[in-house]
Amino acid sequence: MKGLFNRFIQKFFKNLFKKSRHIKMGLYGPPNGGKTTLANKICKDWLGEEDVMGSTSSIAHETREIQIKEQINIKSGNKELSFNLVDTPGIATKIDYEDFIKAGMKEKQAKDRAKEATKGVIDAIKWLDDMDVVIVVLDSTKDPYSQVNITIIGNLQARDIPVLLVANKVDLKKSDIKKIKAAFPQYDVVGISAKYGTDIDKFYEALFKIAK
Ligand SMILES: Nc1nc2c(ncn2[C@@H]2O[C@H](COP(=O)(O)OP(=O)(O)OP(=O)(O)O)[C@@H](O)[C@H]2O)c(=O)[nH]1
Ligand SMILES: [Mg+2]
């Protein structure tokens with residue numbers, strides 16, 4: 001009961017001061033969904049800066065540290081939204097350095113990557129409570145009913161954090177937005193290609209809707 005009361009007080013003050021500071025917008029999801037690609041796209045569109053958020057790779061766990069880009073202002077008509085964008089390491093339940101060796105890395109590099117990736121997962125989860133809005137980026141060619149997706153989204157729901165689901169990689173043949181909508185019917189889902197910019201305007205419109 002005391003815990004519940006404390007949470008209420010915390011939330012109350014968090015909301016009270018929300019207006020006077022920047023909202024923290026977090027990009028979350030499993031590795032390789034396209035979080036950093038989308039973060040780079042947002043920075044390019046609104047700051048005019050190329051590839052500032054970080055490097056991307058077809059090998060999972062490219063992002064292993066939290067990255068923040070402060071003060072992004074996006075506009076649509078007479079609406080304006082300011083936020084700090086937070087790119088996070090992909091969350092996984094199993095990180096095996098042998099997968100990185102199979103992808104062509106040397107043993108030392110693969111072991112270091114696995115260690116850093118594990119730390120990255122812990123950091124990403126730690127930061128979750130700090131987010132005002134979360135964009136969950138999923139690869140729409142993959143099965144959405146994974147343990148990672150269900151855990152992230154369940155956590156966000158329990159914490160009452162506004163969520164926008166991005167079904168990324170719609171340029172690929174296997175992409176299935178409907179499947180993501182069916183898996184998480186309580187949330188808005190927007191299908192995009194972060195890499196090619198497909199339907200990125202729909203994404204910005206959806207952001208305005210959830211980040212009010
Ligand atoms: N075809 C296609 N590929 C994409 C798209 N978005 C990202 N990718 C590719 O998917 C791979 C992973 O992209 P990242 O942006 O590194 O993914 P991430 O979610 O940041 O991954 P981690 O940092 O490992 O958590 C890269 O090879 C990207 O080029 C897309 O819209 N379409
Ligand atoms: Mg990344």
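Predicted model: local features only at pLDDT ≥ 70, side-chain atom pairs only at ≥ 80, totals over all residues.
I would like to start with one pair of side chains, R113 and E62, which meet in a salt bridge at 3.0 Å from N to O, where a salt bridge is taken as a side-chain nitrogen of Lys or Arg within 4 Å of a carboxyl oxygen of Asp or Glu. The two partners come from distant parts of the chain, 51 residues apart, with R113 in helix α4 (residues 107–128) and E62 in the loop between α2 and β2. Helices here are DSSP runs of H or I with at least four residues, strands are runs of E with at least two, and both are numbered from the N terminus.

Residues are numbered from 1 along each chain as its sequence is written, chains are lettered from A and ligands numbered from 1 in the order in which they are written, and side-chain values use heavy atoms, with hydrogens and water left out.

Returning to the pair, R113 counts as buried at 6% relative accessibility, whereas E62, at 25%, counts as partly exposed; buried means under 20% relative accessible area, exposed means over 50%, and partly exposed lies in between, with a 1.4 Å probe and protein chains only.

The search of the whole structure finds 17 salt bridges, and I will mention two others. D123 and K119 meet at 3.4 Å, N to O, and because they are 4 residues apart in helix α4, about one helical turn separates them. In general, an α-helix has 3.6 residues a turn, so residues three or four places apart point the same way. Here D123 is buried, with a relative accessible area of 17%, while K119 is exposed at 53%. The other pair is K142 and D139, at 3.8 Å from N to O, with K142 partly exposed at 49% and D139 buried at 11%. Salt bridges that share partners also join K119, D123 and K126 into one network.

Let me move to helix α2, residues 35–47, whose 13 residues reach 17 Å from the first C-alpha to the last, close to the 18 Å expected at 1.5 Å a residue, the expected span being 1.5 Å times one less than the number of residues. Its buried residues are K35, T36, L38, A39, N40, K41, I42 and C43, and what covers them includes the strands β1 (23–28), β2 (67–76), β3 (79–87), β4 (133–139) and β5 (163–168), together with α7 (200–210). Just after the helix, G48 takes a positive phi of about 75°.

Which residues is I42 in contact with, leaving aside its neighbours within four places in sequence? They are L47, I72, F83, L85, F203 and Y204, where contact means heavy atoms within 4.5 Å. I42 itself counts as buried, at 1% relative accessibility, and its C-alpha is separated by 9.0 Å from that of I74, 32 residues apart along the chain.

Finally, α2 gives the most to the lining of the largest pocket, with 3 residues. By class, that lining has 6 nonpolar, 15 polar and 5 charged residues, where Ala, Val, Leu, Ile, Met, Phe, Trp, Tyr, Cys and Pro count as nonpolar, Asp, Glu, Lys and Arg as charged, and the others, Gly among them, as polar.
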